[in-house]
Structures are given as C-alpha cells and as structure tokens.
Amino acid sequence: MLYLKLLRFWDSATPSKNIPMKKSKYQFYEDLGDDRFLHYSASSNSFIIMQKQQHDIFETAAENLPSELLDKCKKAQFLIDNDYDETNQIIKRRKEWMDSPEMYQIMVNPTLDCNLNCWYCYENRIKDSKISDDIIKGIKRNIELHYSKHTFTCLKLSFFGGEPFLCFEAIKEILDFAKEFCASKEIELIADFTTNATLIDDDIVKYLSQYRCHFQITLDGNEEQHNKIKSCKEKPFNSYRKVLEVLKLINDNIENRWLAVRVNFDNRTLATFENILKDISFLDRRFTYVIIKKVWQLKTELVDKEALLNAIQLTFDYKFTPDYYIMPKGCLCFAERRHQALVNYDGGVFKCSTLNSFDKDNSLGTFNPETGEITWDGAKTAEWYADMQPDYCKECKWFPACMGICNRQLIAHNGERICTFDAMNLSPKEYLMYLFKCQLLQRSIQWNE
C-alpha cells in the first residue's frame, strides 16, 4: 500500500470518533491491473494504492478495513461523516477564496504593442501604445487607497500585455514604489511577468533580483520552429537563443522565483518537444515547471494524442513538473477574486487578461488616476461573483480539485455545457495517472532538496 498527500485537509472535514461514515462522492478509483487499484480523493488530493483484497473491502464494507488503512481513508476524506455536506463546504471554500482580502492583485498592461509577431496571438496589437505617467501615478494611489479600505497582507503586481518589457521604466517605477510601500506596512510583494523574454537583459535581471518574481516565458518548439513563430520583421534575430540566455540569467541570479516555461503547442511543436527539454535542462526543478497548452486555433479532436502523451511523459523523464490542466487548482481564477483589477495602459479597467480587445465594451468600470479609485460597474460585475457553477460541476467527482468553471466562461457560453476535461484529450485513467506521477515527482524533488 502506498499513501501520498501533498495538500492540507480541510479542518471542517476532520472525521469525528464513533460517528457513522459514508463514502465521499468525490473519491473514485482506476484499476491498474495486477490486482492493484489507484484510489483518489479529489477533496484532499490524496492517493492510496490498494491491493485487491483491500479494495474489495473498501467497496463493500469500508468499516471492516484494517484500522491503519481505515484511519487514512477517513483522514484523506475517502470516508466522511454521514451528516457532512461536502458540496456545500466546497462552495463555501470557493466563496472564501473569492472574497478573501489577504492578497490584492493588480494586473497592468503597460502596452498592447509587442516586438514579436506570433501567429497564434489572440490580442489586437496596438502599435506604439504606452502607459502614461498619470496612469502610473494612479496605480500607486490605488494601492494606497485599497490598503486603507482592505488591509491586505500580500500585494501581487502582474505585468501583462502586449510585451510588458517594452515599458520597463514604467514597471520599475511601479515596483520601486511598491517595494517601499510594502516594506513600510510589512506586506509581502510579488512581481509577476508574462513575457516573451527577448527584451530582458543583465541589468533588468539584476534589478529584479531584489524581488520575489514569478515568470511565464514561452518556448514554441525547437530552435527552428520557435524562430518561425516568434519572429521580428523589423529586426530579425534568434529569439530562441535569446530566451535560453534569459532563462539562465533568471535561474542563476534571482533566488526567490517561480519560473514557468510555457509551450503553446500545435502538432508541429509537439514533434520537437524533447529539444526544448534538453535545452532547458539547466533549470532548477524546484522552482520550474513546464506548461503544456494547446493553441486555440487547433481543434481538440485534431491534436496528435500520441505526440501529446509523449510530450507529457518526456517532461516527467526530464524531471520537470508538467502543467497540463494540472489539478488541484488550489485557487480560483484571479479574475473571479473581488480584490483584483486589471488596469490597461490607457486607464481602462478590466478583470480578465484573456481578452482580444481591451475596449469600452469589455471594460468593467472606470479608473480615476487623480484619486486611484476604481468604480466598478455593478451591473457588469455582479455575475462575476455569483455562484454560477452548474449542477453537473457540483456533482462531478473532480469538483473539489477542479473548482468548476470560471464565471467569465460560463457567461460567454450562455448556458452551453462546457467542461475543462473536454479540452484535455486524455481519458479519465490517463489523467489520473498523470496527476499521480506529478505527486510522485514533486515529492521526489522535495526529498532531494
């Protein structure tokens, strides 16, 4: 028997002694063959491998399990108190995450311009767009204003775009202010960047080394494939080699970091996936993971599944944690959190970053740079914070790990049934084994620290 747990259990679900138990509807299993069964609790993100005899007892009369295994099944929420309403507890936790004031996140689009021309990009590029000094000052005032109303303990500044490092001086000015402000209030500060990395140099990395930094940086295939996708007509250069250079700079010089190497794949990219892993093998696995994400133009049914499975396995083989719709999510989509805002370079106010147009139709409020105040349009934002999760999500065995669908997607699909698993190209057993391997790898990385 093998027992693994990586996330803490919910205190409210701790089983009581001598109270009748029932099986959680959010636990299930897959037959591994050779008389072994992999059981999973989505509520606690825990796995137990049972031999056939143990499995049969659990399925028919779990209370007759050996005491050690029975205790583990209770603790990991495979078994719960008869009167415990687990669905309501998940909805409660979801709302707590939504309303929590502990972290304030401001996303900033310093520009919607970009120095590259990726064919799959969904955003409308606005040439020469640039955040003004007035908007920068307004963002600083907004941080102070929000803290005066909601005493947050963590400030996360996320820079998006466009390519944010086209406006590094604006990033620097905001971070300089935030560093001083957070130090004076004993607030944790996180600097977060979604970037193609081609404009980052030694001086920028040296500056960022004083911060806790999160990066999401893309490599779109091997050197040849990547350079075809990430090209610059005005000033051609080897963008692949530049990204590798920057990854090494970050790895070697920014101690407090998380680094996500994102591969936006089509079938051609999957074919060269191992080249990417070889070229980034110098990265520290403790602070690095690899996001594997399909480009939206490629229909799910046209994905080369064999190549996809091979890419995921190769990522494991190279000891990188692969993020392919990884669960449990551990949080809500940032745009569903009340204490989050996206400020565009022109002062437009939004919540979601996955918009193809940051215009008045998509705007959710107004921003006053003079005071820093954001006035949200209640009629537009009401649905963002409602419990819109459909019944099929709440009853799904994955619900505690998946946490359902973000409200923006539900609004956009207007009642149409949608599900994260529909885009995966993995069977339930394949996905469960993927999660199990992720836990084994993460535990191995922790043990080797």
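Q: Which residue forms a salt bridge with K394?
A: A salt bridge is a side-chain nitrogen of Lys or Arg within 4 Å of a carboxyl oxygen of Asp or Glu. For K394, the closest N and O atoms of the pair are 3.2 Å apart. The partner is D387.

Q: Is K394 buried or exposed?
A: Buried means under 20% relative accessible area, exposed over 50%, and partly exposed in between (1.4 Å probe, protein chains only). K394 has a relative accessibility of 15%, so K394 counts as buried.

Q: What kind of model is this, and which pLDDT do local features need?
A: This is a predicted model, in which side-chain atom pairs count only at pLDDT 80 or more, totals for chains, interfaces and linings use all residues, and local features need pLDDT of at least 70. Residues are numbered from 1 along each chain as its sequence is written, and side-chain values use heavy atoms, with hydrogens and water left out.

Q: How many residues apart in sequence are the parts that E188 and R212 tie together?
A: The side chains of E188 and R212 meet in a salt bridge, with N to O at 2.0 Å. E188 lies in strand β9 (residues 188-195) and R212 in strand β10 (residues 212-218), so the parts tied together are 24 residues apart in sequence. Strands (E, at least two residues) and helices (H or I, at least four) are DSSP runs, numbered from the N terminus.

Q: Where do D113 and R125 lie?
A: Their side chains meet in a salt bridge of 2.9 Å, N to O. The pair ties together parts that are twelve residues apart in sequence, because D113 and R125 both lie in the loop between β7 (103-108) and α4 (133-149).

Q: What span does helix α16 reach from its first C-alpha to its last?
A: Helix α16 covers residues 428-447 and has 20 residues.

Q: How many disulfides does a search of the whole structure find?
A: A disulfide is a pair of cysteine sulfur atoms within 2.5 Å. For C396, the nearest cysteine sulfur, that of C419, is 6.1 Å away. C438, buried at 3% relative accessible area, has its nearest cysteine sulfur, that of C402, 15 Å away. The number of disulfides found is zero.

Technical notes. Expected span 1.5 Å × (residues − 1).
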